[in-house]
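My notes follow the display.

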Amino acid sequence: MAMRTTHLDITGMSCANCSGTIQDTLESLDGVVEASANFATDEGSLEYDPEVLTLGEIYDAIESAGYGAVSETVTVAISDMSCANCAEANATALEDTPGVISADVNYATDEAQVTYNPAEASRGDLYDAIEAAGYSPVREGNGGDAGTDARDAAREGEISKQLRLTLFGALLSAPMLLFMADKLVLGGGIVAGVESLVGVRLGWVEFALATPVQALLGWPFYKNSYNALVNNGRANMDVLIALGSSTAYLYSVAVLSGLIAGAVYFDTAALILVFITLGNYLEARSKGQAGEALRKLLEMEADQATLVDEDGTEREVPLDEVEVGDRMKVRPGEKI
């Protein structure tokens, strides 16, 4: 991998000796080719080998020397994740992005918390990294309310999409369930009637019903499987689902075409996708409800605290200024 050059906005420098200390600290790190720090501009730059040294370690070294480097932390909502492997793939893609210090992706909340160097990376770079990994970031505008609205809209869109796919798949799969029950319980009377009505074997009827399910419900799993295997070099739950459903479908097509002997399993191929899509819908809905409940809970958090000094004087301070050992006044009904 080629060498990487990064620029840092450094805080805490008060004289030329400070810049010399930071420069010596950075040059002592393994993997650093060249480093410099400028007290006049509060800036630093270094060239390093990203295979030997990470940006997080550079920030830690500056902090251990008694100074700081400017960073920003943002939360990015991600859709299309289906398992913990997807979260790991996104975390790897983000961490490999120049300027990213650390990335933590949570599959349970469909969010990534990313800390990055604003002099080297931007929110757009994070979005691009997620898309390159095969997933869909929620591109937010400026401002907290706009970001929340964008995330809510994306989540509602995902819920609606999964519901539509589930209903479509269930509508086409219901006749195959009826055929299955007829063969097992009623002795095949309904199946015989259908074959007589349409003039073809039942297998071709099931083929006509299962193919649209395979195409529409299966497409997201095929797309995510390709991204997981080709772009990210790892298997995930989508690969397992695509493999299981495709095996049943293609085997049934081969049997129906007379290439091999056996029974058809179009119903199995379709029902795998329907039940998994139903699970995705229920999961997306539960995540939305949990996120809304958590947001309401956070809105109930107090932003002011009443501190009582040793002489009994009371004063209001921001909650983030309360320290361990402070005496707080608790009003009736309040809980700490």
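The entries below take the salt bridges, then the glycine.

**Entry: starting point.** I am working with a predicted model. I keep that in mind for each value I write down.

**Entry: salt bridge count.** How many salt bridges does the rule give? I get three.

**Entry: Arg139 and Asp128.** I looked up Arg139 and found its side chain in a salt bridge with that of Asp128, at 3.3 Å from N to O. This pair links distant parts of the chain, with the partners 11 residues apart. Arg139 sits in the loop between strand 8 (136-137) and helix 5 (144-186). Asp128 belongs to helix 4 (residues 123-132). Arg139 has a relative accessible area of 43%, so I note it as partly exposed. Asp128 comes to 42% relative accessibility and also counts as partly exposed.

**Entry: Arg139 and Glu131.** Which residue forms a salt bridge with Arg139 at 3.1 Å? I find Glu131, and that distance is between the closest N and O atoms. Glu131 is partly exposed, because its relative accessible area is 39%.

**Entry: Lys161 and Glu158.** I moved on to helix 5, where Lys161 and Glu158 lie three residues apart. Their closest N and O atoms are 3.6 Å apart, and the two residues form a salt bridge. Why are they about one helical turn apart? Because they are three residues apart within helix 5. Lys161 has a relative accessible area of 29%, so I list it as partly exposed.

**Entry: Gly68.** I looked up where Gly68 is placed and found it in strand 4 (residues 68-69). Is Gly68 buried or exposed? Its relative accessibility is 16%, and the cut-off for buried is under 20%. Gly68 therefore counts as buried.

**Entry: around Gly68.** Which residues does Gly68 touch, leaving out those up to four places away in sequence? I list Asp9, Ile10, Thr11 and Ile62. I also checked Ile10 by C-alpha position. Gly68 and Ile10 are 58 residues apart in sequence, yet their C-alpha atoms are 5.6 Å apart in space.

**Entry: wrap-up.** My salt bridge count stays at three. Gly68 is filed as buried, in strand 4.

Notes. Residues are numbered from 1 along each chain as its sequence is written. This is a predicted model: local features need pLDDT of at least 70, side-chain atom pairs count only at pLDDT 80 or more; totals for chains, interfaces and linings use all residues. Side-chain values use heavy atoms; hydrogens and water are left out. Helices (H or I, at least four residues) and strands (E, at least two) are DSSP runs, numbered from the N terminus. Buried means under 20% relative accessible area, exposed over 50%, partly exposed in between (1.4 Å probe, protein chains only). Contact means heavy atoms within 4.5 Å. A salt bridge is a side-chain nitrogen of Lys or Arg within 4 Å of a carboxyl oxygen of Asp or Glu.
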